[in-house]
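Visitor: I am new to this structure and would like a close look at its aromatic rings. Please take me through them in one connected account.

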Amino acid sequence: MPDPPIELAAPVYIAGLRRRIFAYRGPDGRTPALEFLEGLEVDARARYLIRFRQMGDEGTLPGKFWHPWDANRNRNAKGLSCFKDNQSKTRVPSFSDESERGVMILTHGFGGKKENDIDDTEINEAARIKRDYVARRSASSTDDTRRGAP
């Protein structure tokens, strides 16, 4: 399985048996999810790493650690999911790269979440990142085809 182009996603964050997890890389080179995770306390960061490893190896997690967002609540949530750490009250949204089986992309992170009440601003930011990634991924694939890449 090829990896997403380096200009779209940070190098492998977790490579498991079922999934590979990357962090979105914006056009400016920033990786909002990694920046967020690096700013967390060590214990919170370790809990996320355990969850990413489990997701990579098993392909899923219990609902208390990861779940799809409800598109009925916010139409922009379609195709988005969220890793969560209840102890630090933080979340890291993600989505699956539909052009690459088994690849998940972390979008960004946020804190201060009240139970069962995620600010639409965070959902919209994750949706914006996904749209940017998909558009740039599509453009990258088109460029590769024009150059005769496999």
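**The aromatic pairs**

Guide: The protein chain has a mean pLDDT of 87, and 87% of its residues reach 70 or more, pLDDT being the predictor's confidence in each residue, from 0 to 100. This is a predicted model, in which local features need pLDDT of at least 70 and side-chain atom pairs count only at pLDDT 80 or more, while totals for chains, interfaces and linings use all residues. Residues are numbered from 1 along each chain as its sequence is written, and side-chain values use heavy atoms, with hydrogens and water left out.

The structure holds 3 aromatic pairs, where rings of Phe, Tyr and Trp (its six-membered ring) pair if their centres lie within 6.5 Å, and planes under 30 degrees apart count as stacked, over 60 as edge-to-face and the rest as tilted. In one of them, the ring centres of F95 and Y133 are 5.5 Å apart and the planes stand at 65°, so this pair is edge-to-face. Because F95 belongs to strand β5 (residues 90-96) and Y133 to helix α3 (residues 120-146), the pair ties together parts that are 38 residues apart in sequence; helices (H or I, at least four residues) and strands (E, at least two) are DSSP runs, numbered from the N terminus. F95 counts as buried at 0% relative accessibility, and Y133 counts as buried at 1%, buried meaning under 20% relative accessible area, exposed over 50% and partly exposed in between (1.4 Å probe, protein chains only).

Elsewhere, Y48, F52 and F83 are linked by ring pairs into a cluster.
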